[in-house]
There are 2 protein chains.
Amino acid sequence: MSLSLDFTNMMGAALPHGAGITAAQLTDASDAFAKAHAHVHAMQAELGFLTLPVNEALRDATLAVAEQTRGRFDDVLLLGIGGSALGPIALRTALRPPAWNTLSADARGGHPRLHVLDNVDPATIAATLARLDLSRTLVLVISKSGGTVETMAQYLIVREALARAVGEDAARQHLVFITDPEVGALRKIARAEGITTLEVPPNVGGRFSVLSPVGMLPAALIGIDVKALLAGAADVMTRAASADLATNLPGTFAVLQHIADTAHGRSVQVLMPYADPLRDLALWFVQLWAESLGKLRSDGTPVGPTPLPAVGATDQHSQVQLFMEGPLDKTVTFITVKGRERDGMIPTRHADIPELSYLAGHTLGELIDIEQRATAGALAARGRFNATLAIDTVDAFHLGALMQTFALATAYAGVLYEVNAFNQPGVELGKNFAYAMLGRAGSEQARAEWDALPKPDPRYRV
Amino acid sequence: MSLSLDFTNMMGAALPHGAGITAAQLTDASDAFAKAHAHVHAMQAELGFLTLPVNEALRDATLAVAEQTRGRFDDVLLLGIGGSALGPIALRTALRPPAWNTLSADARGGHPRLHVLDNVDPATIAATLARLDLSRTLVLVISKSGGTVETMAQYLIVREALARAVGEDAARQHLVFITDPEVGALRKIARAEGITTLEVPPNVGGRFSVLSPVGMLPAALIGIDVKALLAGAADVMTRAASADLATNLPGTFAVLQHIADTAHGRSVQVLMPYADPLRDLALWFVQLWAESLGKLRSDGTPVGPTPLPAVGATDQHSQVQLFMEGPLDKTVTFITVKGRERDGMIPTRHADIPELSYLAGHTLGELIDIEQRATAGALAARGRFNATLAIDTVDAFHLGALMQTFALATAYAGVLYEVNAFNQPGVELGKNFAYAMLGRAGSEQARAEWDALPKPDPRYRV
């Protein structure tokens, strides 16, 4: 078993005054889960992420593009935002050595660095272009729709810089677009100019796209084992075939978080890996959980848990005070990694100083694991819901498994919350206001709505 | 005026159905604030952070240590956790070019790289030590108490590696300790071995220590203008001398967030800079706000808002869907930067493609600002509380001002919430459980309590 979830500390039996989830609540949820399971797994045509792990054609197309570029580039510059950036960043942090971009080419095994531009701050783009040798840089432009405003703006600037650096014709050899197979601006440009493209299947939403070329191409370029990632995800799909809650890990995660929120007021849901390589996985999860479940239900009720990223042991010195003593409105899901007990031996020194001597002979691996268990126990002792997701090791197989676990849990949770987990209607208004201010054609109605908003009131300014 | 806060969109007048803070609530809060102000500013002896901006002796001692090391080191390795790490990281990200550690020595103006080890993951430390040339590395060991378990464990490992690399005697010349002037293990070692130290004043808590040597030494080493940082903070102290809420920016921030939480259920408080350099400032703020205010009140009531970090425009493609349509339980405080309108000109290209042509002639600076205003307006239109903190530019003066603003706001908020903002009793239980498992002398009682906790229940495992 590669993944396991211990949720003893979510249950009333383990918490003071029995104030946790009851065995009856869990039993009652089994039926609801069985329906959610049937609903989700019947939607293979609409939910492309379910079959990405076994989409060999897409995988092979991705690997072929990676192969074509081998040895030609020292740097990969990824232009993308949201789901187009968070997955690749999470994979780089988890599966490459720390500070990858500072390592020598040798230490990188000849693979390129990977830089991600996921914002439109002018200072960042200027500094990034100033430090890259564009003649040795491959630029990935990733936008599902092919028209994301931030990514298009980045693209126009980077394309111009590339053309200046290597010439208009050669610039095309430095570009790969990852976008919809048919529609959108990027597809149009690619067709007109013969730029290499990979597709995001139309039935795969941005935040569910990490196992499509969106995540797989950057991963392959920097030497991550893409086949192992997909195998880990495929393994999760096999295990999740059963609608029996007692054996379905993603389902259990979804059901527990849903009950904790809706029946126990635990609406802030912390994901807290005790492992540096998984720091950015928590940020990837935040988008997945927040953007999928934070919705107006069809009756107009606003619902959805608030995911909160953390990292252990670091956050024991930041957020854990709040988790321990603040309002009883949170769950904490730890992620732990097995097999580190012998890593990072702490040497004997200053044996006369009690604050240090007790550490000698222990390892950092022991310490980080002990701290996680201590924090979990302390939270439970204070009535704070928590669960521990354990993986055997941080490798491509387990990353693929973790990501597919959370993606599947999100789909189940959408059914439990009675929302559409696969759209994001809430961001349209702000987008339209921005279009109006930028003078984009067709945004006259948004302009009128914008102009009608209350203006900054000088009384409410300090 | 270097900083301003527009809170129109927190107030009922700007929100649908008037469902915001009322003018009467704000007026009523003036008296409570005046008391909080008097209380905080009367505690200069206890609250050392109030006078850090004008502590010239401490500043000069810090600059002298920085001067002594000039030219001797290519890398600075900081060992610290929580307040000992978050401030230095936030300063590096804000005030040095992006990807500082990847730049050449020339591009760094001859200043060293800065690596921060803020966790005890054995994989991270091993990789960090493997890539550094310790003969050219200065190691800062930062612990207020001088005995923080994670930092002591890091220190023992790094000290051993240093001794192997440069010899026992020379190793001492590669170390600076920043710790309490009298007590703790680090102070003892420094005295015994003649290691250079700087002090954290005993009346300055870890999360309020960024303007002490904790933040100032790393900042000075990498070429940040420490005097300007302190000047910005001093400016905030001058402006905050008045107890008049209408002119006190930190007070207004504290009061608004407190009312939003306690009277309107807006308990999740987002800090969302629209500027890449301020990404890590949000994480620094999270510790400050969470660890100071997440407390049991003396009557046993758990209180405290939950800070949530975000960054714009990036999070428009992640968390903003939840902020717009999820539960009405959040406030969003934007940070914007003036004067970027002409930065990052977007060139004309693909003028025949409507998704791109409307961008030509605009700049990234315009785009990021327009997106911020659009998001603020959209949130308000949907009844979501938000405010905008504007700074003139991202420089040392404004960073000092921002940090002192938030520190002061936190102190005021502690009074409003009726908690002690300067302790962290909630983390003791977990710490003691960890000591017990590590076999530290004196932890027998914690061991007994730990052993009495419910064990993992195989029924609650999948």
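As the model is predicted, local features need pLDDT of at least 70 and side-chain atom pairs count only at pLDDT 80 or more, whereas totals for chains, interfaces and linings use all residues. Side-chain values use heavy atoms, with hydrogens and water left out.

Let me take one pair from chain A. The ring centres of A:Tyr155 and A:Phe177 are 5.6 Å apart and the planes stand at 85°, so this pair is edge-to-face. A:Tyr155 belongs to helix α5 (residues 149–166) and A:Phe177 to strand β5 (residues 175–179), 22 residues apart, with helices (H or I, at least four residues) and strands (E, at least two) taken as DSSP runs numbered from the N terminus. Both A:Tyr155 and A:Phe177 are buried, meaning under 20% relative accessible area, with exposed over 50% and partly exposed in between (1.4 Å probe, protein chains only).

In chain B, B:Phe49 and B:Phe208 make a tilted pair, 4.9 Å centre to centre with 35° between the planes. B:Phe49 lies in the loop between α1 (23–41) and α2 (56–69) and B:Phe208 in the loop between β6 (196–199) and α8 (213–221), so the pair ties together parts 159 residues apart in sequence. Both B:Phe49 and B:Phe208 are buried.

Back in chain A, ring pairs also join A:Phe253, A:Phe285, A:Trp289 and A:Phe406 into a cluster.

Notes:
Residues numbered from 1 in each chain as written. Chains lettered and ligands numbered in written order. Phe/Tyr/Trp six-rings, centres within 6.5 Å; stacked < 30°, edge-to-face > 60°.
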